[in-house]
Amino acid sequence: MGLLSDPVRRRALARLVLRLNAPLCVLSYVAGIAWFLALVFPPLTQRTYMSENAMGSTMVEEQFAGGDRARAFARDFAAHRKKSGALPVAWLERTMRSVGLEVYTQSFSRKLPFPDETHERYMVSGTNVYGILRAPRAASTESLVLTVPCGSDSTNSQAVGLLLALAAHFRGQIYWAKDIVFLVTEHDLLGTEAWLEAYHDVNVTGMQSSPLQGRAGAIQAAVALELSSDVVTSLDVAVEGLNGQLPNLDLLNLFQTFCQKGGLLCTLQGKLQPEDWTSLDGPLQGLQTLLLMVLRQASGRPHGSHGLFLRYRVEALTLRGINSFRQYKYDLVAVGKALEGMFRKLNHLLERLHQSFFLYLLPGLSRFVSIGLYMPAVGFLLLVLGLKALELWMQLHEAGMGLEEPGGAPGPSVPLPPSQAMGLALYVLPVLGQHVATQHFPVAEAEAVVLTLLAIYAAGLALPHNTHRPLSYRVVSTQAPDRGWMALKLVALIYLALQLGCIALTNFSLGFLLATTMVPTAALAKPHGPRTLYAALLVLTSPAATLLGSLFLWRELQEAPLSLAEGWQLFLAALAQGVLEHHTYGALLFPLLSLGLYPCWLLFWNVLFWK
Amino acid sequence: MAAPLVLVLVVAVTVRAALFRSSLAEFISERVEVVSPLSSWKRVVEGLSLLDLGVSPYSGAVFHETPLIIYLFHFLIDYAELVFMITDALTAIALYFAIQDFNKVVFKKQKLLLELDQYAPDVAELIRTPMEMRYIPLKVALLQCFPQCYFSCLSDIPVSVPTHLVCPRTPLSPPAAVHTCENEEQSLLDLFLGVCHDVCGKPSGNHLPLLLPSQLLGFHPRSLWLYINVFFYTIPLAIKLKEHPIFFMFIQIAVIAIFKSYPTVGDVALYMAFFPVWNHLYRFLRNIFVLTCIIIVCSLLFPVLWHLWIYAGSANSNFFYAITLTFNVGQILLISDYFYAFLRREYYLTHGLYLTAKDGTEAMLVLK
C-alpha cells in the first residue's frame with residue numbers, strides 16, 4: 001500500500017495523472033481499438049479443438065439412408081399445410097406415432113404488446129407438436145432435442161421431413177442413452193419459447209400455454225434445423241443467442257467435425273471460411289466475420305430457435321441449409337448423416353458441456369478468440385473514463401476541498417432525477433401510450449410506438465433548459481464556478497463506466513460497441529469550447545445513433561449496402577422489433593438502452609449545456 | 001429533535017411494510033449477498049418446524065442459531081414481520097440517543113481540553129461546534145434504517161447473537177470496559193452500542209461466498225487463521241485508542257464485519273451507518289475517491305457475476321470470489337483510511353495545523 005499512503009509517490013502520481021491526462025486517454029483509446037483489430041491475427045486467434053473427451057475419442061459410423069422417406073414426408077407436410085393454412089397437427093401426430101414416438105401437443109397463445117409489422121401478427125395462437133423417443137435402457141434423466149421451427153413465412157417442410165425420417169431411423173437403434181425429443185413448433189420463436197417455458201415450469205414472458213403432458217428429463221443439447229429446399233450446397237450455422245449468449249464452443253466443433261467427415265460444406269454467416277491465415281487475406285475476411293458477429297451479438301436478438309434454449313443452459317445451435325449456385329449439391333441423406341453423427345456423439349456425454357469456452361468470438365468457423373484475450377480491448381476503453389474521472393476529482397480537490405459531503409452540493413445532482421425520469425418515460429410510455437397516440441394521430445400502433453420512442457428521445461435534448469432554471473437562484477461560488485459541471489461530469493463518468501463494465505461482462509460485443517462510440521465524446525464533453533461541434537458529436541454517438549450506424553455497418557459488411565431511406569426504414573423496424581422482443585422473449589437491449597445508457601447520455605448533454 | 005426522528009421512523013416502517021408485501025420480497029430473500037447460512041430466516045423457520053416435530057433442530061447442518069432464538073420465535077412466529085420492524089425501530093432510536101449522548105461527551109471534553117490549553121493555537125478550524133453536530137444523530141438513525149430495510153428486513157432475522165457464534169462479543173468488551181472506566185454515566189451509552197450491535201445487528205458484512213459446511217463452523221485450521229484476525233486487532237487498537245473508546249468500537253465493529261464468515265450487506269450497512277459521526281474527518285481522508293469507486297463497482301458487480309456463474313453458466317466461482325476479495329480490500333482500506341484520518345486530526349490538534357519544517361517550508365506528515 002505504499003502507493004496509497006506514501007505522500008511523495010502520491011504527489012508524483014497525481015502530477016502524472018493531471019499533466020499527461022489527455023495523451024494517456026488518447027493512447028488508451030487507440031490501444032483498445034488496435035487490440036480489437038489485432039484479434040484476427042494468429043497469436044490472438046487460435047484454431048478450434050474439441051475439448052470434451054467424451055465427444056472426441058470415439059468415431060461413429062453413420063447409417064442414415066432415409067433420404068427418399070424424408071422427401072416423401074416433406075411433400076406430405078407441405079401439402080397438408082397448404083390445405084389447412086396452419087400447422088397440420090393431426091397429420092403430424094399420426095405420422096410421429098406411426099414412426100414410433102410418444103406424441104404430445106401443446107397449445108399456446110399470446111397477445112403481442114402491439115402488432116408486429118415484419119411478421120404480420122398480433123394475436124398469436126398455435127400448437128406445438130413433439131414426440132419423445134425414449135432411451136431403451138436408461139432412466140429418462142437426460143435428453144437431446146431436435147427442433148424444427150415452422151413459421152408462416154418459412155414453411156421449413158424439408159426440415160420436418162428430415163426430422164421424421166431421422167426419428168424413424170433413430171427408433172430402430174439400441175444405443176440411445178438419452179431421450180430424444182423431436183419438436184415441431186408453430187410461429188417459430190414464439191412457439192419455441194412457449195414450449196421451453198412450459199418444459200422448465202417457469203413463466204418469464206407472459207405467454208399463456210397449456211402445461212406439457214410429457215417430459216423427457218434435463219435437456220443436454222439442442223439442434224434447430226431450417227431447410228428450404230431438397231438439396232443444399234452448404235450448411236450454415238448460427239451461434240448468437242438471446243442477449244448475446246453463446247453455446248459452448250464444443251458444440252460448434254462437433255458440427256464442424258461432422259461436416260468435414262461427410263464432406264459437407266459448412267459456412268458461418270453464409271460465407272466459406274478462408275484456409276490461409278498467414279497472408280493478409282485470411283485475417284481480413286476474418287475481420288469482416290468478427291465484426292458481423294460482434295454486431296449480431298450486440299443486438300441481443302436470438303438468431304434462430306437455438307437462441308431461446310441458451311437461457312435455460314441448454315447448449316444449442318441452428319443449422320440452416322443454403323442452396324446457392326454452386327454446382328455440387330448434397331441431398332438430405334448427407335444432412336441426415338451429419339445430424340445422426342452429432343446426436344450419436346452427444347449421446348456419449350456424461351455431463352453437460354462445460355470443458356470448452358462459453359464466451360468467445362469467431363473470426364472464422366475454425367478460429368476463435370477466447371475471453372481472456374479480447375477483454376483487454378474493452379478494459380482499455382473504460383480506462384479512459386477512469387483516467388478522466390480521476391483527473392476531475394483531483395481538479396475538484398484543488399479547487400476547494402472537493403465535495404463537502406458525499407452528497408455534494410445540490411447543483412451537480414440536479415439533472416440526475418430528470419434524466420432518470422426521461423429514461424423511465426422512454427421505457428414505459430411508448431407501449432402504454434400507443435392507443436392514445438392512435439386515437440389522435442393517423443398512424444398504426446407499431447408506428448405509434450416507434451414515433452413515441454423517437455419523440456421522447458428527442459424531448460430529452462431539451463432537458464438542460466428546464467433543469468438549469470432553479471440553479472440560477474442558488475449562490476454560485478465565485479472561487480470555482482466550474483465546480484458544478486465538473487462534479488456532474490464526474491458522477492456521469494463513473495455511472496457510464498459502471499454500466500459499460502457490467503454490460504461488457506455479460507455481453508462483450510454490446511459493451512465494446514457502446515464504449516467505442518460513447519467513451520470519446522463522454523470524455524470530451526464540457527461547456528467551454530466549440531459547443532456546436534461537441535453537441536453534434538454527442539448526438540452522433542448517442543445510443544440511437546449508434547444503433548443506426550451499426551445497421552448501416554452491418555449491411556455494408558454483408559455486401560448489401562443501404563441507401564439512406566432504406567436505412568431509416570430499417571432503423572424504425574429495428575426499434576419496433578427491439579421493443580417487441582423485450583416483451584416477448586425478455587431481450588435486454590431495450591431496457592439497457594432506455595433505462596441505463598440514455599439517462600447517462602443525457603447527463604453528458606447537461607454537462608455540455610451547463611450555464 | 002423528536003419530530004424528525006419520528007418522521008424517519010414512520011417512513012422506514014412504511015417502506016418496510018411496502019417491501020414485505022411487494023414482489024421484491026421473494027427476489028431479495030433469495031440473494032446471496034443478503035442471506036447467509038448464519039442468518040437466514042428460512043433456516044429459522046426450518047428449525048422451528050423441526051422443534052415442533054420433536055426432532056432436535058441442530059440435527060442436519062441447516063440451523064445455526066442459538067436456543068434462545070428458537071424459543072423466542074416459537075411464540076413470535078406469527079408476528080415475525082412486526083418483530084423485525086419494532087426491533088429495527090428500537091435500534092434506530094437507541095442509536096439516535098446514544099450518538100446524542102456521545103456528542104455531548106465530545107463537546108464537554110473538547111471544552112475541557114481547550115480551557116486546559118492542550119490544543120495548539122491555530123487549530124480553530126478543527127474544533128467541532130454544536131451547530132455542525134446537531135444533525136448527526138438523525139443522520140445516523142436515517143442511515144441505519146434505510147439500507148438495512150431494503151435488504152435485511154426480508155431475509156434475515158434481526159438478531160446478531162447467532163452471527164456471533166464464531167465471533168463472540170469479546171472483541172467488543174475492551175472498548176466497553178475502557179469507556180466504562182472513563183465515564184460512568186456513559187457506560188449506559190456503551191451498553192446501548194454493544195447491545196445494538198447484538199440485538200439489531202444485521203448479519204455479516206463481507207461477501208465470502210458459501211464455504212463448505214465443514215469449513216464454515218468447524219474449526220478447520222485454515223479458516224481459523226481468518227477468524228483470528230477478528231481478535232488480533234483488539235489489543236493493539238485498545239492500546240492505541242484508549243482515550244477514544246467510541247471510535248475504537250466503530251473500528252472494531254468494522255473489523256468484525258470484514259473478517260466475519262458469511263458476511264452480508266447488513267453488516268456493512270451497520271458500520272457504515274456510523275459514518276456521519278466521523279464527518280469531521282473527511283478532509284483528512286486520502287483515498288476516499290478510489291475507495292468509494294471500488295466499493296460501488298464491487299457492489300454492482302456482485303449480482304452480475306452471480307448471474308454469470310449460476311444462471312448463464314459461463315463464469316465460475318472464481319469470478320465471484322475475486323469480487324468478494326476486492327470488496328474486502330476496499331473495506332479494509334476504507335477503515336484504515338479513517339483510522340489514519342483520526343490519528344492525523346489528533347496530531348494536528350496537539351501540534352498545530354500548519355506545520356513547518358526546520359527550514360520554514362511546509363512539512364509533510366508521514367505515518368511510520
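Two residues are in contact when they have heavy atoms within 4.5 Å of each other. Keep that in mind as we walk through this predicted model, where local features need pLDDT of at least 70, side-chain atom pairs count only at pLDDT 80 or more, and totals for chains, interfaces and linings use all residues. Residues are numbered from 1 along each chain as its sequence is written.

Let's start with chain B. Among its contacts between residues at least 6 apart in sequence, 79% join residues at least 24 apart. Chain B has 16 helices and zero strands; these are DSSP runs numbered from the N terminus, H or I with at least four residues for helices and E with at least two for strands. Of its 368 residues, 53% are buried, meaning under 20% relative accessible area with a 1.4 Å probe, protein chains only.

Now hop over to chain A and find helix 20 of chain A, residues 508–524. The axes of helix 20 of chain A and helix 22 of chain A (residues 543–557) come within 10 Å and cross at roughly 120°. Axes here are lines fitted to C-alpha atoms, over the stretch in contact for helices, and angles run from 0 to 180 degrees between N-to-C directions. On the helix 20 side, the contact is made by A:Leu513, A:Leu514, A:Thr517 and A:Met518, and on the helix 22 side by A:Pro543, A:Thr546 and A:Ser550.

Helix 20 of chain A also pairs with helix 3 of chain A (residues 21–37): their axes come within 11 Å and cross at roughly 145°. Here A:Tyr29, A:Gly32, A:Ile33 and A:Phe36 of helix 3 meet A:Phe508, A:Phe512, A:Thr516, A:Val519 and A:Pro520 of helix 20.

Conventions:
Chains lettered and ligands numbered in written order. Heavy atoms only, no water. Buried < 20%, exposed > 50% of the residue type's maximum accessible area, 1.4 Å probe, protein only.
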